[in-house]
Amino acid sequence: MREVMTKSMARNIFYGGSLFFILIFVGLTVHSHRYIVTTSTDAEGLTESVVLGKHVWEKHACINCHSLLGEGAYFAPEVGNVMTRWGVDDDPEAAYETLRGWMEAMPTGIEGRRQMPYFELTEEEYRGLADFLMWSGTIDTQGWPPNDAG
């Protein structure tokens with residue numbers, strides 16, 4: 001091998017290295033997508049009610065205050081495991097009643113506390129939001145959040 005690198009040698013190293021890392025990137029992207037679709041997401045649990053709940057979540061921009069599975073704002077509690085924290089993750093009716101009761105009690109008017117605004121949701125929207133939050137608790141988050149409080 002030569003002691004001096006020529007332009008063609010440098011070009012070959014550049015293109016070869018770029019191609020190698022592009023292939024690694026594409027492979028990792030495909031693997032991540034396949035993992036999310038087949039392993040970490042409970043696709044069978046995606047009912048129309050869960051989809052409605054996701055639309056309610058987005059319509060009212062809940063992520064502006066809450067975090068869901070670590071994504072979003074940290075003004076209000078993490079809600080990815082809220083049904084587990086409330087102890088209603090295996091009872092859809094209790095989850096609906098607990099969520100509705102909590103949301104209808106807001107804002108409490110206690111001075112100096114962060115308050116959730118009142119949303120005029122229909123019974124179907126409350127049920128959908130409860131189902132969505134129950135469904136989000138079934139996602140394999142690989143240990144996130146690190147504690148029950150989020």
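Me: Which residues are linked in a network of salt bridges?

Reply: Side chains of opposite charge can pair when their charged atoms come close. A salt bridge here is a side-chain nitrogen of Lys or Arg within 4 Å of a carboxyl oxygen of Asp or Glu. In this structure Glu93, Glu123 and Arg127 are linked in such a network. The model is predicted, so local features need pLDDT of at least 70 and side-chain atom pairs count only at pLDDT 80 or more, while totals for chains, interfaces and linings use all residues. Residues are numbered from 1 along each chain as its sequence is written, and side-chain values use heavy atoms, with hydrogens and water left out.

Me: How many salt bridges does the structure hold, and where do Arg127 and Glu123 lie?

Reply: The structure holds five. Helices are DSSP runs of H or I with at least four residues, numbered from the N terminus. Arg127 and Glu123 are both in helix α5, four residues apart, about one turn of the helix; their closest N and O atoms are 3.6 Å apart. Arg100 and Glu104 have the corresponding spacing of four residues in helix α4, and their side chains meet at 2.8 Å, N to O.

Me: Which parts does the pair of Glu125 and Lys59 tie together?

Reply: The side chains of Glu125 and Lys59 form a salt bridge at 3.8 Å, N to O. Glu125 belongs to helix α5 and Lys59 to helix α2 (residues 48-59), so the bridge ties together parts that are 66 residues apart in sequence.

Me: Is Glu125 buried or exposed?

Reply: Buried means under 20% relative accessible area, exposed over 50%, and partly exposed in between, with a 1.4 Å probe and protein chains only. Glu125 is buried at 14%, whereas Lys59 is exposed at 60%.

Me: At what angle do α4 and α5 pack?

Reply: Axes are lines fitted to C-alpha atoms, for helices over the stretch in contact, and angles run from 0 to 180 degrees between N-to-C directions. For α4 and α5 the angle is about 115°, with the axes 9 Å apart. Contact means heavy atoms within 4.5 Å. Residues making this contact include Ala95 and Leu99 of α4, and Ala130 and Leu133 of α5.

Me: What does Ala95 touch?

Reply: Ala95, in helix α4 (residues 92-104), is buried, with a relative accessible area of 0%. Leaving out residues up to four places away in sequence, Ala95 touches Met83, Val88, Ala130 and Met134.

Conventions:
Helix = DSSP H or I, 4+ residues; strand = E, 2+ residues; numbered from the N terminus.
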